[in-house]
Amino acid sequence: MNANILVVEDDLNIQELIYEFLQAHGHTVTLANDGLEGWDKFQQGNFDLILLDVMMPNLDGMFLGKMIRSKSQVPIIYLTALNDEENQVKAFDNLADDYITKPFSFSILTRRVDAVLRRVYPHENKNIITYKNITLDQEGYKVTVSNEEIDLTSKEFELLLLFLKNKGRVLTREILLQQIWGYDFFGDTRVVDAHIKNLRKKVGSDVVRTVKGIGYVVE
């Protein structure tokens, strides 16, 4: 499962490594540097899993976990240097799905993440693609942004689907024309720009980024 994951971690070195490993494993990762920022990001996004450090400034992880759990059943994995039984019991009393003590192997972390995702989403629909606050249902031909369904034209839907299947890859206008409009399209490439402009208005201006002189990319 390619999941949309929120990582709340105040150690920037650990945060960067978690980001790199999870991204390389096919997940979409949103970062927060402390508990308050984590709470803000949680309310803005639509996440499949949360990795949550315990000892953080402004708002500690245990309290943030309680706040999240009061609003959502999204799985939570605690990451902490506190390896005593009391804190582990406290985390599971907060309805944690897993508890990983530092230092940890990042290869093991990705596998523990996958294990929780398999357990929580055993019947994941492979036709569903999530990215940040966007959910795209290929079979139902439906897109929601922050849990609100939006109307896309067929070309806008196909463009968004192509971008989400190629996250991180810069797609030129020529590639987009070939994939969406067909190899026999002889019109102006500016038709791509017009459709992406409309797509941005509907799903968010920051979703598709322009790579000047080349094309477009979803990070």
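Predicted model: local features only at pLDDT ≥ 70, side-chain atom pairs only at ≥ 80, totals over all residues.

Student: Where in the chain do Asp97 and Arg69 lie?

Tutor: Asp97 is in the loop between helix H4 (85-93) and E5, while Arg69 belongs to helix H3 (residues 61-71). The pair links distant parts of the chain, 28 residues apart.

Student: Is each of the two, Asp97 and Arg69, buried or partly exposed?

Tutor: The relative accessible area decides this, and buried means under 20%. Asp97 has 23% relative accessibility and therefore counts as partly exposed, whereas Arg69, at 11%, is buried.

Student: How many salt bridges does a search of the whole structure find?

Tutor: The search finds eight salt bridges. One of them joins Glu9 and Lys102, whose closest N and O atoms are 2.9 Å apart. This pair also links distant parts of the chain, 93 residues apart: Glu9 sits in the loop between strand E1 (4-8) and helix H1 (12-24), and Lys102 in the loop between strand E5 (98-101) and helix H5 (106-120). Glu9 has a relative accessible area of 0% and is therefore buried. Glu9 and Lys102 are also linked with Asp53 in a network of salt bridges.

Student: What is the distance between the closest N and O atoms of Glu219 and Arg209?

Tutor: In that salt bridge the distance is 2.5 Å. Glu219 lies in the segment after strand E12 (215-217) and Arg209 in strand E11 (residues 209-211), so the bridge ties together parts ten residues apart in sequence. Glu219 is partly exposed at 48%, and Arg209 is partly exposed at 40%.

Student: How is a pair of aromatic rings described?

Tutor: One gives the distance of the centres and the angle of the planes. In this structure, a search of the whole model finds four aromatic pairs. The ring centres of Phe104 and Phe106 are 5.2 Å apart and the planes stand at 65°, so this pair is edge-to-face. Both Phe104 and Phe106 are buried, and together with Phe21 they form one aromatic cluster.

Student: Which arrangement do Tyr141 and Phe157 adopt?

Tutor: Their rings are stacked, with 3.9 Å from centre to centre and 25° between the planes. Tyr141 lies in the loop between strand E7 (134-137) and strand E8 (142-145), and Phe157 in helix H6 (residues 154-165). Tyr141 is partly exposed at 44% relative accessibility, whereas Phe157 is buried at 3%.

Technical notes: Residues numbered from 1 in each chain as written. Heavy atoms only, no water. Phe/Tyr/Trp six-rings, centres within 6.5 Å; stacked < 30°, edge-to-face > 60°. Buried < 20%, exposed > 50% of the residue type's maximum accessible area, 1.4 Å probe, protein only. Helix = DSSP H or I, 4+ residues; strand = E, 2+ residues; numbered from the N terminus. Salt bridge = Lys/Arg side-chain N within 4 Å of Asp/Glu carboxyl O.
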